[in-house]
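Please keep the structure open alongside the text while reading.

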Amino acid sequence: MKKTVLGILSHVDAGKTTLTEAMLFVSGKIRSLGRVDHRNSFLDHDDRERERGITIFSKQAMLRWKELNITLIDTPGHVDFSAEVERAISVLDGAILVVSGVEGVEPQTQVIWKILRERNVPTLLFINKMDRMGADYDRTLNELQQKLDSRILPKVKVSKSENGL
C-alpha cells in the first residue's frame, strides 16, 4: 500500500477547511460535512478555533483513496500562524494550494507558493469558490500565471454538476 503526506494550504478564507471536509467525506472518513462557520468541522476542534472560526493549528487526518493511504494535513491560512504552515510544509510529499476564485491570489498565497517552490514540494493549484458571486476562473488563472508562475496551465475545469457534491 502506497503512502503519502498531502498538505492543504491557502490564504485565510479561501476554503481549505471546506475542501478538507469534502475530501474526508468522499473518502468515507467522516459521515457528514462540517463547516467552519457552524463550528463543527472535523479538524478544527480546538475551542479557540471554533470561537474564531479559523484554523490556528495544523492538524492531520488519515484517509484512504483507492490504493493510497493519505495523511492529510490542514494548515492555518491566517498570516499570524505562518510558522505553523512552514513547519507543516517541511513534512509534505505534495501540496494542494487553494485559491479563491473570488478573491484571487492573495499576498499569503504568494508567500506559501514561494516556500513550496524553495522546498520543491509538488503542488496542485485548486481554484475554489467558483459557485460564488464574483468568481472568475479566467481572471484567477491569469493572476496565478502573473503572480506565481507563468508556466501554470489549467488541467481540469470541473463544472458544479460534475463534482458529485
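## Nonpolar cores and charged pairs

The largest nonpolar core has 22 residues, and those with the most contacts inside it are L9, I89, L92, L116, L144 and L148. At least two residues of this core come from each of β1 (2-10), α3 (82-89), β4 (94-100), α4 (107-118) and α5. A second, separate core has 13 residues, among them L43, A61, L63 and L72. As background, nonpolar side chains in soluble globular proteins tend to be buried together.

The coordinates belong to a predicted model. The protein has five helices and five strands, which follow the pattern β-α-α-β-β-α-β-α-β-α when read along the sequence. Of its 165 residues, 43% are buried. Among contacts with a separation of 6 or more, 62% are accounted for by residues 24 or more positions apart.

Helix α5 spans residues 137-148 and contains L144. L144 counts as buried because its relative accessibility is 2%, below the 20% cut-off for that class. Leaving out residues up to four places away in sequence, L144 touches V99, V105, L125, I127, D149 and I152. V99 and L144 are 45 residues apart along the chain, and their C-alpha atoms are separated by 8.9 Å.

L148, another of the residues with the most contacts inside the largest core, touches L97, V105, T109, Q110, W113, L125 and E143, again without counting residues up to four places away in sequence.

Apart from its neighbours within four places in sequence, E143 is in contact with E103, G104, V105 and L148. A polar atom of the E143 side chain lies 2.7 Å from the backbone nitrogen of V105, and E143 also forms a salt bridge with R139.

### Salt bridges

The structure holds five salt bridges, and the table lists some of them. In general terms, side chains of opposite charge can pair when their charged atoms come close.

| Salt bridge | N to O distance |
|---|---|
| R119 and E86 | 3.7 Å |
| R139 and E143 | 3.3 Å |
| R151 and D149 | 2.8 Å |

The pair of R119 and E86 joins the loop between α4 and β5 (123-128), where R119 lies, to helix α3, where E86 lies, so it ties together parts that are 33 residues apart in sequence. R119 is partly exposed, with a relative accessible area of 37%, and E86 is likewise classed as partly exposed at 34% relative accessibility.

The pair of E143 and R139 lies within helix α5, where the two residues are four residues apart and therefore separated by about one helical turn. In this pair E143 is buried, with a relative accessible area of 16%, whereas R139 is partly exposed, with a relative accessible area of 26%.

In the pair of D149 and R151, the closest N and O atoms are 2.8 Å apart. D149 counts as buried at 15% relative accessibility, while R151 counts as exposed at 67%.

### Surface

The protein exposes about 9,700 Å², of which carbon and sulfur atoms supply 51%. Which residues make the nonpolar surface patch of about 360 Å²? This patch is made by F25, V26, L33 and W65. L33 has its place in the loop between α1 (16-26) and α2 (47-52), and with a relative accessible area of 43% L33 is partly exposed.

### Summary

Notes
Residues numbered from 1 in each chain as written. Predicted model: local features only at pLDDT ≥ 70, side-chain atom pairs only at ≥ 80, totals over all residues. Heavy atoms only, no water. Buried < 20%, exposed > 50% of the residue type's maximum accessible area, 1.4 Å probe, protein only. Contact = heavy atoms within 4.5 Å. Areas by Shrake-Rupley, 256 points an atom, 1.4 Å probe, with all protein chains shown as cover. Polar contact = N/O pair within 3.5 Å; in protein donor to acceptor, adjacent residues only side chain to side chain. Patch = residues over 30% accessible without salt bridge, like charges linked within 9 Å, V, L, I, M, F, W, Y side chains within 5 Å. Salt bridge = Lys/Arg side-chain N within 4 Å of Asp/Glu carboxyl O. Core = buried A, V, L, I, M, F, W, Y, C linked by side-chain atoms within 4.5 Å.
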